[in-house]
Amino acid sequence: MRENKTLGYYDMMSPREIFYSDLEAEAAAAAAADLGPQSVPSCSQTLTQAAWRTTVTTHIYGTRDPFVEVYRSFAERRADKVRTIDSGHSAFLSRPAELAAMLREELHEAASETT
């Protein structure tokens with residue numbers, strides 16, 4: 001990311017490689033074009049609340065994400081359940097049906113546990 005200190009935001013420098021590595025070039029370019037700037041405070045403010053601290057959570061990460069080790073480590077330390085999908089960072093674009101099926105399974109399981 002490149003920081004614009006004057007305006008207080010970051011620009012993603014290589015979104016196609018980072019977020020859309022498993023998409024066709026045209027789809028990756030379109031998705032990258034839709035990205036907006038990321039505010040500096042969103043990356044630097046102190047976290048005071050996080051749902052994963054008080055709510056049962058499932059973390060799903062793509063095994064072909066360029067930062068897979070970061071997500072694996074985060075998930076193993078903070079999620080109650082960890083699942084993987086054979087995708088890059090943006091499974092909602094590259095594997096939408098598979099991801100939707102996983103989410104439905106998680107919802108069904110959570111609903112079963114509360115009844």
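Contact here means heavy atoms within 4.5 Å. The model is predicted, with local features needing pLDDT of at least 70 and side-chain atom pairs counting only at pLDDT 80 or more, while totals for chains, interfaces and linings use all residues. Residues are numbered from 1 along each chain as its sequence is written, and side-chain values use heavy atoms, with hydrogens and water left out.

View 1. Leaving aside residues up to four places away in sequence, Phe-19 touches Met-12, Leu-35, His-89 and Ser-90. Phe-19 also belongs to the largest nonpolar core, which has seven residues, the others being Ile-18, Tyr-20, Leu-23, Ala-28, Ala-31 and Ala-32. Such a core is a set of buried Ala, Val, Leu, Ile, Met, Phe, Trp, Tyr and Cys residues joined through side-chain atoms within 4.5 Å, where buried means under 20% relative accessible area, exposed over 50% and partly exposed in between (1.4 Å probe, protein chains only).

**View 2. Salt bridges around Arg-64 and Asp-86.** A salt bridge places a side-chain nitrogen of Lys or Arg within 4 Å of a carboxyl oxygen of Asp or Glu. Arg-64 pairs in this way with Asp-22, their closest N and O atoms being 3.9 Å apart, and with Asp-86, at 2.9 Å. Asp-86 in turn meets Arg-95 in a salt bridge (3.7 Å, N to O), and Asp-22, Arg-64, Asp-86, Arg-95 and Glu-98 are linked in a network of salt bridges. Arg-64 counts as partly exposed at 41% relative accessibility, as does Asp-86 at 39%.
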